[in-house]
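Try each task before reading its solution.

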2 protein chains.
Amino acid sequence: MSLLVVGSIAIDSIHTPTEVRENILGGSATHFSYAASFFSGVRMVGVVGDDWQQEHTKLLTDRGIDTSGIEVQEGGKTFRWTGKYHANMNDRDTLEVHLNVLENFSPVLSEEAKRCPFVFLANGSPSTQLKVLDQMTGPQLVVADTMDLWIEIERDELKKLMQRIDGLVLNDSEAKLLTEEENLVRAGQKVLEYGPKFVVLKKGEHGAMFFSKGESYVMPAFPTPDVVDPTGAGDSFAGGMMGYLAQQNNFEPKTLKEAMAYGTVVASYIVEDFSLDRMKEIGREEIDQRLGQYRQMLSF
Amino acid sequence: MSLLVVGSIAIDSIHTPTEVRENILGGSATHFSYAASFFSGVRMVGVVGDDWQQEHTKLLTDRGIDTSGIEVQEGGKTFRWTGKYHANMNDRDTLEVHLNVLENFSPVLSEEAKRCPFVFLANGSPSTQLKVLDQMTGPQLVVADTMDLWIEIERDELKKLMQRIDGLVLNDSEAKLLTEEENLVRAGQKVLEYGPKFVVLKKGEHGAMFFSKGESYVMPAFPTPDVVDPTGAGDSFAGGMMGYLAQQNNFEPKTLKEAMAYGTVVASYIVEDFSLDRMKEIGREEIDQRLGQYRQMLSF
């Protein structure tokens, strides 16, 4: 188990322009872990309430994910999120959030978790992310996700975090908010100045951009006509990326670029159905096949 | 002169978040021709008023563009457009439009123009575009641009046009408007059903998508930190694409893809300054150099 993820585990209700799905499995750590499991062993740390269903755990363990770090809070309820997608399936509104057990979650890592060489701090408050980092014993690669809320209310903590991580993943509007730069290339380059060695800027249906001191590039999303539910695309992207890095056991520029491509391809699957439904149907073979199509698409 | 373009010639006033430039050269045919001139001879057809300055003509003829098809209407004024860009430099509002001589423009082609094998019908009313097509004597490849206005007020004429052209170029919001599909892959594929053999869907700062019966792919924009004025990016893209096709004298899938890449690279230069200012500084060498960077960026 070389890859650790700490993040949210959620029960989602999703409204798309054509369908509503209530009480389906979601959360950043969930999507990340499932995507990463096609490449590498994953140790998942998070919290749920006693409404948590064993079938969810089974879904994860069946993919070889170590769920021993999922804390069950007796008398508590699992984090719930209800979201509604716009007609373009790229923008969304949050209709309801119930933090529940997530509100006072303070992750305590096991000895095994502390020694994981690859770490992903999925979206959570920077202060919680820092607390996780404080417990780690010399990780090789730490990548964190963040979001607009933390940029607005915990900017100082986020700045501290950025000086201690290798990579930051955030979306385009968040990068603009963080840097006050409207041009995405400038925004990405400016985030580097805060500390991370590389920055991945997610653009939803338009793909992702990569920035490091040495290089910057764009990778478009893999075009799919079947966008059913985009929830979890960003976390699945990160899962595919980090899973591949953990599997390769290095993060050279060449490997990072391949990892970005794998992340893109995995994210193109997750959006094709609700929750993990599409992911359950595929294996590494389908991922590699689509990676081949993607490489072909980008060569001229 | 194997490539013909019929379109607008404009005097633009551009408001960006940081600067205002009044009375600068613009127009779809202008941007297209200048971009195409790095690859192929271009014959430009359009109309201007007697306020037209000879220095503009010289700028075009210096690049080898045949301007004999530019009609000067005595007593008339050149088409004027004033636009204001949003902070993101991707969205814009039209502040003023004075059609002037463009209002009753009915292009009459010379014998040489009629025989051009490669034709680009830049943005204009579909009925005017059809009148141009009626004058052509067996072109090899006809590509047209269109816009939301024509989709709304001349949909029937546009449908007729689409059955007579090889390729249609339009932007993402226009494709959604035309097809009533929100997913861009579906939208692109649906446009094919109207008649064109291929469709190029422009996504501004996010690049362009290509659709034909046999294949579909996405090409991201070449990332530049220096977006000064995006005016003309779409027409320059089309100019680079068509110029390359005319130069290669074929439109095989492989050539089309290379042409899409060249269009992308040329468009990345035009946005780096107002009007044609950046384009005046570069040559084919710079374009090929950036094409190399672009190819490198997309390989993994």
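The exercises below concern a predicted model.

**Exercise 1. The interface between the chains**

Task: Find how many residues of chain A and of chain B are in contact, and what area the two chains bury between them.

Solution: 
- Start with the contacts: 32 residues of chain A touch 33 residues of chain B.
- Now turn to area. The size of an interface is often given as the accessible area lost when the parts come together.
- Here chain A and chain B bury about 2800 Å² between them, and 61% of that lies on carbon and sulfur atoms.
- Next, look for charged pairs: there are two salt bridges between chain A and chain B. One of them joins the side chains of B:Arg186 and A:Asp226, at 2.9 Å from N to O.
- Then count the polar contacts: 16 residue pairs between chain A and chain B, with both residues at pLDDT 80 or more.
- Finally, ask which elements build the chain A side. Helix 8 (184-193), strand 13 (216-219), helix 10 (253-270) and helix 11 (284-297) of chain A each supply at least two residues. Helix 11 of chain A gives the most, with five residues.
- Sorted by class, the side of chain A that touches chain B has 18 nonpolar, six polar and eight charged residues.

**Exercise 2. Two helices of chain B**

Task: Work out which residues of helix 2 of chain B are buried, and how they are arranged around the helix axis.

Solution: 
- Pick out the buried residues of helix 2 (residues 54-61) of chain B: B:His56, B:Thr57, B:Leu59 and B:Leu60.
- Look down the axis of helix 2 of chain B. The buried residues fall within an arc of 155°, so they line one face of the helix.
- Check the other side of helix 2 of chain B, where B:Gln54 and B:Glu55 are exposed.
- See what the buried residues of helix 2 of chain B pack against: strand 2 (10-15), strand 3 (20-26), helix 1 (28-36), strand 4 (42-49) and strand 5 (66-73) of chain B.
- For practice, repeat this with helix 7 (residues 172-179) of chain B, where B:Glu174, B:Ala175, B:Lys176, B:Leu178 and B:Thr179 are buried. Their packing partners include helix 5 (148-153), helix 6 (155-162) and strand 10 (167-171) of chain B.

**Exercise 3. Salt bridges**

Task: For the salt bridges A:Asp51 with A:Arg80, B:Glu111 with B:Lys114 and B:Glu272 with B:Arg290, decide where the partners lie in the chain.

Solution: 
- For the overall picture, the structure holds 36 salt bridges over all chains.
- In the pair A:Asp51 and A:Arg80, the closest N and O atoms are 3.9 Å apart. This pair links distant parts of the chain, 29 residues apart: A:Asp51 is in the loop between strand 4 (42-49) and helix 2 (54-61) of chain A, and A:Arg80 is in strand 6 (residues 79-85) of chain A.
- A:Asp51 counts as partly exposed at 26% relative accessibility, and A:Arg80 is partly exposed at 26% as well.
- B:Glu111 and B:Lys114 have their closest N and O atoms 3.1 Å apart. Both lie in helix 3 (residues 111-114) of chain B, three residues apart, about one turn of the helix.
- An α-helix has 3.6 residues a turn, so residues three or four places apart point the same way.
- B:Glu272 and B:Arg290 meet at 3.1 Å, N to O. B:Glu272 is in the loop between helix 10 (253-270) and helix 11 (284-297) of chain B, and B:Arg290 is in helix 11 of chain B, so the pair ties together parts that are 18 residues apart in sequence.
- Both B:Glu272 and B:Arg290 are buried.

**Exercise 4. Around A:Val142**

Task: Is A:Val142 buried or exposed, and what does the side chain of A:Asp166 reach?

Solution: 
- Apply the cut-off of under 20% for buried: at 3% relative accessibility, A:Val142 is buried.
- Look for its contacts beyond four places in sequence, among them A:Val119, A:Leu121 and A:Asp166.
- Now move to A:Asp166, in the loop between helix 6 (155-162) and strand 10 (167-171) of chain A. A:Asp166 is buried, at 13% relative accessibility.
- The side chain of A:Asp166 reaches the backbone nitrogen of A:Val142 at 2.7 Å.

Key: Residues are numbered from 1 along each chain as its sequence is written. Chains are lettered from A and ligands numbered from 1 in the order in which they are written. This is a predicted model: local features need pLDDT of at least 70, side-chain atom pairs count only at pLDDT 80 or more; totals for chains, interfaces and linings use all residues. Side-chain values use heavy atoms; hydrogens and water are left out. Contact means heavy atoms within 4.5 Å. Buried area is the accessible area (1.4 Å probe) that two parts lose on being put together, summed over both. A salt bridge is a side-chain nitrogen of Lys or Arg within 4 Å of a carboxyl oxygen of Asp or Glu. A polar contact is a pair of N or O atoms within 3.5 Å; within protein, one must be able to donate a hydrogen and the other to accept it, and residues adjacent in sequence count only if both atoms are side-chain atoms. Helices (H or I, at least four residues) and strands (E, at least two) are DSSP runs, numbered from the N terminus. Ala, Val, Leu, Ile, Met, Phe, Trp, Tyr, Cys and Pro count as nonpolar, Asp, Glu, Lys and Arg as charged, and the others, Gly among them, as polar. Buried means under 20% relative accessible area, exposed over 50%, partly exposed in between (1.4 Å probe, protein chains only). The arc is that of the directions from the helix axis to the C-beta atoms.
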